[in-house]
Amino acid sequence: MNDIFAAKDRGCDLIYKKKLIEHFPYDNYRRYQEKAIEAIYNAFEVKGFNHVLLESPCGSGKSANAVTIARYYGDAYLLTSQTVLQNQYMRDYGCPGKFSDIMGRRNYYCAVMENCTCDDGFCSGGKCPDPTECPYIIAKEDAASSEIALMNYTYFLFATKHSQTFFPRKLIIYDEAHSIDKVLMGFVEIKIKSRGIQRFGDISRIPRFDKASEYIPWLIEISKCLKDEMKDNQVIYKQILSENSSHDGKLSVNDVIKSVRRKIENSEKRINKIEEYAKRFDVDKWVTKVYEGRTQDDDEVVFKPISVAPYSQECFFNYGEKHLYMSATLLDKSNFCRNIGIDEKDAHMIRVPSTFPPENRKIFFINTGSMSYKEKRDTLPKISADVNKIMNLYPDKKGMIYTVNWEIYDHIFSTISTKNRRRLLGHKNGDRNTALYEFIKMKSPRVLITPSLSEGIDLKDDRARFLIVVKMPYPNMSDPQVKAKKDVDQDWFRYQTVLTLIQVCGRGVRSPEDWCDIYILDSCFNQIRNPGWPGYRPPNFFTDDFIAGLNEGDKHINKIEGYNLHE
Ligand code: SF4
């Protein structure tokens, strides 16, 4: 991974350079920032690529680069994956008419009903007395007419599909682009829980078939039931709306109204998905699986395409002439392009080097033992011992333990020393963001333990001085889509593993002065790291700064008390 800015990428025509610079939002550039902007311009305008991949590490000024390019074209969508990033963009660059954002309706308060978000407004019943005052409608129109419209991926996908407000633009910028395939999968996949259709009688019992297409007659029946129910609910909705409108035109909302409206919307979404995607089950190779719950009512059936690539054109590419994908972990052009259906010949990749010193992000490969399915039973006791040792090395520092799954999470919780257990801060399935928020505020040397917080979290400075990756984060093989995709594309499986690993390892060092020690315990890391290891296959996906961190770790590992044990 080198050759970050090939000579041919550097510099651009002076006139255009001046125009580009006018749009840069600050007085000074960070290192490599100006070159990155020029390289993007060159790739689009000089070389004629429609898809440009910008791998740019944390601290390289990626957001300002995006804003410069978006302002230059003056007609762009900027898509983010997280609300926190969206807010940050607005705080730094927001400007009415030029740079506006839009979120889902529930983020705005209805102008005519008290304590009610726009999600629960009366508008779908045609009852709003003054839609021109509606904060959601105002924000949406502002975003639609703005030079740069900022929104999250999910909003973009729904809004472009279901409303007539957002049209194709010159440019789409995809921030945190490594997650596009997951976002798209979430958008197209169909999930039906038995409990959610219980009211339809016998049909709520999920049948068992091997192929997704065998479910189509059952799905059509479900869709019919949903349509009938939706019609009934629409009548009820109109009726309760009129009952809740007083003579002076004031409106009130209650839980019954909210619940009926939600039911209508949920039915609509499901019917649309079934009608649109079920007919593509065979063509686009969809897979299916029934997840059995504690009771039959908790059973859930899931339908997914093996690859989301066939859906990118209609969901993303049709809405932009040019596409800029930005992330610290694009890693590999071929894999990235293949995953989301870009023709590799039409894509250009630019890599920006890290400016963070590798000695500040040492990665220690501890090689505790194999955490593979067959061998984890023998390894788990050693894992707890090593977690104890590492925590003891940092008695007054905060840190994080990434377990990958709940089994290891529970094991560590129940087997580490009492003293260290008191330092752990865990979470349950639904409250990880609350736990993270608590953890960030804490001053004492607590240690966040999580099976799932692998990206999108900022553990800068004293928020985390050590980070333990207990198990290699392989994609979950119990997911039929993962299994089917691995069967046809081994490279993809390794790519996803390395991507998650690098994302996790990047949580603790967020500036050149910041530092965090990283420990990888699982010996399975040898499979992609150690050419002498049985079954070794080079992944070729590691970033230069990850390799530099590993080399630093190798140099220093013997200096850590007790950590020459596993060599
Ligand atoms: S359109 Fe009117 S009723 Fe609907 S959310 Fe907006 S202000 Fe409320």
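1. A quick convention to start: two strands pair if DSSP finds at least two bridges between them. Helices (H or I, at least four residues) and strands (E, at least two) are DSSP runs, numbered from the N terminus. This is a predicted model, in which local features need pLDDT of at least 70 and side-chain atom pairs count only at pLDDT 80 or more, while totals for chains, interfaces and linings use all residues. Residues are numbered from 1 along each chain as its sequence is written, and side-chain values use heavy atoms, with hydrogens and water left out.

2. With that in hand, have a look at the open sheet: six strands in the order E11-E16-E15-E12-E14-E13, paired in parallel. At its edges are strand E11 (363–369) and E13, each of which pairs on one side only. Helix H19 (residues 544–556) packs on the sheet and touches E11 and strand E16 (517–522); contact here means heavy atoms within 4.5 Å. The direction of H19 makes about 70° with that of E11 (axes are lines fitted to C-alpha atoms, for helices over the stretch in contact, and angles run from 0 to 180 degrees between N-to-C directions).

3. What are the pairings of E14 with E12 and E13? Strand E12 (residues 399–402) runs parallel to E14 and is joined to it by four bridges, with Thr450 as the bridge partner of Tyr402. Strand E13 (residues 424–425) also pairs with E14 in the parallel sense, over two bridges, and there Leu425 stands opposite Leu448. From E13 the chain crosses through helix H15 (residues 432–441) to E14, a right-handed β-α-β crossover; right-handed means that, with the strands pointing away from the viewer, the path from the first strand over the helix to the second runs clockwise.

4. A helix pair to check: H12 (residues 376–393) and H13 (residues 406–415) pack at about 50°, their axes 10 Å apart. Contacting residues include Leu380 and Val387 of H12, and Ile408 and His411 of H13.

5. Lastly, Phe209 sits in the loop between strand E6 (190–193) and helix H8 (216–243). Phe209 is partly exposed, with a relative accessible area of 35%. Neighbours within four places in sequence aside, Phe209 is in contact with Glu214, Tyr215 and Thr288.

Methods. Buried means under 20% relative accessible area, exposed over 50%, partly exposed in between (1.4 Å probe, protein chains only).
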